[in-house]
Amino acid sequence: IPYMMHADLIVRAGRIFTMHRPQPVVQAMAVVAGRIVATGTPGRIRAWKGPRTEVLDVGDRVVVPGLIDCHTHLFEWAMALGDVSLAGVASLHTALRKIASHARRIEPGQWLIGHGFDKNVCGGAFPTAGDLDAATGRDVSACIHSRDVHAAWVNTRVLRSAGITADTPDPPGGRIVRDHRGRPTGILLEKAVDLLSPSRSVASVVQVRRLWRRACREAWSYGLTGVHSVDGIEGFEWFQRLAAEGELGLRVRYAFPCDRLDAL
């Protein structure tokens with residue numbers, strides 16, 4: 001081994017799948033500056049060991065190349081880890097209790113975003129803005145997306161800030177659910193959800209970094225080291241920032257919407 005060419009890391013395992021046809025399975029590999037430089041038997045790779053080489057022996061475990069998820073909305077998913085989840089909640093009472101608990105923890109000015117509400121397991125009827133008001137109070141903007149993502153349940157503060165009243169017409173492809181007097185109930189269906197603009201830009205830099213690190217850890221736990229991601233401009237800018245600071249943690253192939261090419 002030439003001088004200064006000791007490995008930064010040596011990995012030993014029961015089996016390491018290389019995906020290299022001439023040598024598909026080995027028991028050890030050496031890494032220099034983030035790149036695999038040699039694979040083979042532990043005896044052969046031992047020559048790469050230097051005084052500062054880290055040796056990771058995983059015993060009989062199997063080592064495989066990182067997986068790539070070819071369709072994600074990774075930034076939105078990462079930020080959603082900080083939202084309230086109603087997946088599996090089987091009653092309106094339980095849903096409101098979870099929402100109220102979450103509302104007490106969010107920072108002033110931050111939207112309360114939720115996911116997973118399913119009216120079919122909560123009595124069969126949509127809840128109302130009044131129900132949500134009771135859980136969030138009047139000073140929190142709240143938007144809960146349905147399990148099938150075809151509806152949004154919002155509180156009175158959101159209806160007012162979006163200017164949705166009894167006189168607001170249904171948008172093409174969407175419907176504002178109304179009561180017997182024509183007043184919005186707090187449920188927006190399909191394209192009516194686009195009347196809202198709940199923004200995550202109010203999230204602090206500390207919050208985004210915390211959620212991103214959590215998302216990376218979860219992705220790694222599934223063996224993911226790369227993704228193809230489709231997100232908006234905010235996600236794209238954050239990916240650039242995290243990459244420049246060495247904190248991205250994943251390889252990202254970004255799919256940018258064609259109608260936003262000018263933003264590039």
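Start by selecting Glu245: at 38% relative accessibility, Glu245 counts as partly exposed. Buried means under 20% relative accessible area, exposed means over 50%, and partly exposed lies in between, with a 1.4 Å probe and protein chains only. The model is predicted: local features need pLDDT of at least 70, side-chain atom pairs count only at pLDDT 80 or more, and totals for chains, interfaces and linings use all residues. Residues are numbered from 1 along each chain as its sequence is written, and side-chain values use heavy atoms, with hydrogens and water left out.

**Stop 1: around Glu245**

A salt bridge here is a side-chain nitrogen of Lys or Arg within 4 Å of a carboxyl oxygen of Asp or Glu. Arg241 is partly exposed, at a relative accessible area of 36%. Together with Arg241 and Glu245, they are linked in a network of salt bridges.

**Stop 2: the whole chain**

Zoom out and colour by secondary structure. The protein chain has 7 helices and 14 strands. These are DSSP runs, numbered from the N terminus: helices are H or I with at least four residues, strands are E with at least two. Why does the chain count as more spread out than a compact globule? Its radius of gyration is 25 Å, well over the 18 Å that the globule rule gives for 264 residues, so the chain is more spread out than a compact globule. That radius is taken over C-alpha atoms, and the rule is 2.2 Å times the number of residues to the power 0.38.

The accessible surface comes to about 15900 Å², and 53% of it belongs to carbon and sulfur atoms. Such areas come from the Shrake-Rupley method with a 1.4 Å probe; for residues, only the protein chains shown count as cover. Of the 264 residues, 38% count as buried.

Next, contacts. Among those with a separation of 6 or more, 62% are between residues 24 or more positions apart. Contact means heavy atoms within 4.5 Å.

Colour by charge. There are 33 positive and 26 negative side chains, and the centres of the two sets lie 7 Å apart. Lys and Arg count as positive, Asp and Glu as negative; His and the chain ends are not counted. Each charge is placed at NZ of Lys, CZ of Arg, CG of Asp or CD of Glu.

**Stop 3: more salt bridges**

How many salt bridges are there by this rule? The count is 6. Select Arg147 and Asp118. Their side chains meet in a salt bridge, 3.6 Å from N to O. Arg147 lies in the loop between S9 and S10, and Asp118 in the loop between strand S8 (112-117) and helix H4 (129-136), so the pair ties together parts that are 29 residues apart in sequence. Arg147 is exposed, at 62%.

Move to Asp170 and Arg178. Their side chains meet in a salt bridge of 3.0 Å, N to O. Asp170 is partly exposed at 37%. Arg178 is partly exposed at 26%.

**Stop 4: positive phi**

Most residues other than glycine have a negative phi. Select Val149, in the loop between strand S9 (142-146) and strand S10 (151-154). Val149 has a positive phi of about 60°, although it is not a glycine. Val149 is exposed, with a relative accessible area of 63%.

Then go to Glu190, in strand S12 (residues 184-190). Its phi is near 50°, a positive value in a residue other than glycine. Glu190 is partly exposed, at 39% relative accessibility.

**Stop 5: two distances**

Pick Leu81, in the loop between helix H2 (74-80) and strand S7 (84-85). Leu81 is buried, with a relative accessible area of 15%. Show its neighbours. Not counting residues up to four places away in sequence, Leu81 touches Leu211, Arg214, Ala215 and Glu218. Draw the C-alpha line to Leu211: Leu81 and Leu211 are 130 residues apart in sequence and 6.6 Å apart in space.

Finish at Cys70, in strand S6 (residues 67-72). Cys70 is exposed, at 60% relative accessibility. How far from Cys70 is Asp133, C-alpha to C-alpha? The two are 39 Å apart in space and 63 residues apart in sequence.
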